[in-house]
Amino acid sequence: MDHFLYRDGALYAEDVPVAEIAAAVGTPFYVYSTATLLRHFRLFDEALSGMDHLVCFAMKAASNQAILKTLAQAGAGMDVVSQGEYLRAKAAGVPGDKIVFSGVGKTAEEIHTALTGGIRQFNVESEPEMETINKVALDLGVTAPITIRVNPDVDAKTHAKIATGKSENKFGIPISRAREVYALAASMKGLEVIGIDVHIGSQLTELEPFRLAYQKVAELTETLRADGHNIRRLDLGGGLGIPYERSNDAPPLPVEYGAMVKETLGHLNVEIEIEPGRLIAGNSGIMVSKVIYVKQGEDRQFLILDGAMNDLIRPAMYEAHHDIIPVIEAEPGTEQTAYDIVGPVCESGDTFAKGRMMTPLQADDLVAFRSAGAYGAVMSSEYNSRPLIPEVLVNGDQFAVIRKRPTFDEMINRDTIPEWL
Ligand code: LLP
């Protein structure tokens with residue numbers, strides 16, 4: 001459920017007409033709903049109630065300061081994967097002891113920043129990385145809290161580019177080698193082993209792969225405890241999917257996910273941490289774009305928008321589906337027509353949808369891409385020298401620009417020209 005609904009045929013973001021935002025900031029732009037962000041965070045928080053837990057938002061999904069602050073004020077922690085994300089989280093007021101550091105390639109500099117600024121734990125992905133964390137911690141005279149990310153070799157049944165829990169993926173250490181690697185960690189004086197981490201992929205639409213992975217983690221918890229490790233925290237990663245296509249079956253709900261977590265891990269008396277990104281931010285944001293031209297091709301009609309693959313790359317990169325809806329609805333009963341919906345970038349891959357059935361549109365009409373709040377703005381670029389598009393946050397009947405559109409001069413002046421030119 002989200003807060004982008006029609007009222008008398010006009011699309012609203014909470015209590016604000018989307019067309020009003022478009023008139024104020026120009027198109028294309030992203031707009032997020034505070035109520036939806038908070039609702040999704042709370043669904044997870046409540047799903048894990050009764051267990052000691054922390055919901056750490058995977059801020060790679062959406063990292064605007066205003067979004068982070070909204071979630072942090074509601075009690076969310078953050079899952080970060082770079083120094084930039086770490087510093088963004090801190091800047092948004094998230095305390096270090098609510099920030100977990102994930103990612104396969106943490107550098108000594110990143111580790112140093114996190115150890116001096118405060119960190120809940122590092123999720124370690126390899127032995128060389130473990131050695132680096134140990135060294136930086138010893139140099140600073142501190143101990144670094146760690147979990148080790150295990151790769152459970154489970155098929156997440158999602159798009160290959162976003163599956164991470166198979167043995168062929170670069171993530172984590174094979175679960176079969178866990179005892180050996182935990183023993184090595186325990187021998188390092190700069191580390192404090194506190195738990196286990198697992199994340200098997202993104203946009204999972206079934207609970208079974210999670211269940212398989214968590215059962216393996218439960219067994220491993222008991223084995224490692226028997227080996228003398230004080231395993232007291234399990235980081236279960238993110239990955240619960242969202243319904244991109246309203247017509248399809250919906251993926252499991254957070255409450256069902258929470259029940260499965262309690263079933264598989266509830267007996268272990270551990271603190272649970274989860275790292276959802278998409279489910280919190282995905283349906284909390286839409287991208288609004290304007291029709292520039294309707295072009296009649298030989299055997300099809302093209303809807304050419306002012307938004308493009310550089311603004312929302314998911315369709316080009318993962319063949320992802322986003323529902324595209326008119327901001328002003330057609331009269332009831334209006335017949336639909338098929339469009340290839342494209343952007344103006346000079347690549348055939350700049351196609352959002354093929355043969356999509358829509359009520360007829362014309363130049364200057366506005367459309368909204370649903371479910372664009374996660375992995376939308378954060379993955380955008382200025383390809384074709386198209387300035388990054390603005391982000392707007394709605395809260396009830398108010399809205400604010402939370403990242404402004406750069407001017408062309410600002411974009412151009414980021415380049416510097418060597419003195420010999
Ligand atoms: N934790 C870790 C260690 C991750 O690698 C990820 C996502 C998450 C949590 C959050 O997963 P979520 O709950 O959002 O599924 N750009 C792709 C998605 C990449 C996901 C990468 N890792 C997309 O647009 O579909």
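**Domains, ligand and a few details**

Me: How far apart do the C-alpha centres of domain 1 and domain 2 lie?
Reply: In this predicted model, the two C-alpha centres are 32 Å apart.

Me: And which residues belong to which domain?
Reply: The domain assignment gives 4–31 + 282–412 as domain 1 and 34–279 as domain 2.

Me: How many residues does each domain put into the contact?
Reply: Domain 1 contributes 22 residues and domain 2 contributes 20 residues. On the domain 1 side, strand S20 (391–395) and strand S21 (398–403) each supply at least two. S20 gives the most there, with four residues.

Me: What classes of residue make up that side of domain 1?
Reply: Nine are nonpolar, nine are polar and four are charged.

Me: OK, switching to the ligand. Where does it lie relative to the domains?
Reply: It lies between domain 1 and domain 2, because both give residues to the shell around it.

Me: How many residues surround it, and which are the closest?
Reply: There are 20 residues around the ligand, and the closest are Ala58, Ser202, Gly238, Gly277 and Tyr375. Helix H10 (278–281) and helix H11 (314–318) each supply at least two residues of the shell.

Me: New topic: helix H3. Which of its residues are buried?
Reply: In H3 (residues 65–73), the buried ones are Ile67, Leu68, Thr70 and Leu71. Looking down the axis of H3, these buried residues fall within an arc of 160°, so they line one face of the helix.

Me: What covers the buried residues of H3?
Reply: The cover includes strand S4 (29–33), helix H2 (34–47), strand S5 (53–58), strand S6 (77–80) and helix H4 (83–91). H3 is followed by Gly75, which has a positive phi, near 110°.

Me: What is Pro152 in contact with, leaving aside its neighbours within four places in sequence?
Reply: Its contacts are Gly165, Ile175, Val198, Ile200, Ala213 and Lys216. Pro152 and Pro209 are 57 residues apart in sequence, and their C-alpha atoms are 10 Å apart in space.

Key: Residues numbered from 1 in each chain as written. Predicted model: local features only at pLDDT ≥ 70, side-chain atom pairs only at ≥ 80, totals over all residues. Near = placed C-beta within 6 Å. Domains from an automatic or database assignment. Contact = placed C-beta atoms within 7 Å. Nonpolar A, V, L, I, M, F, W, Y, C, P; charged D, E, K, R; others polar. Buried ≥ 20, exposed ≤ 12 C-beta atoms within 10 Å, placed from the backbone. Arc of directions from axis to C-beta.
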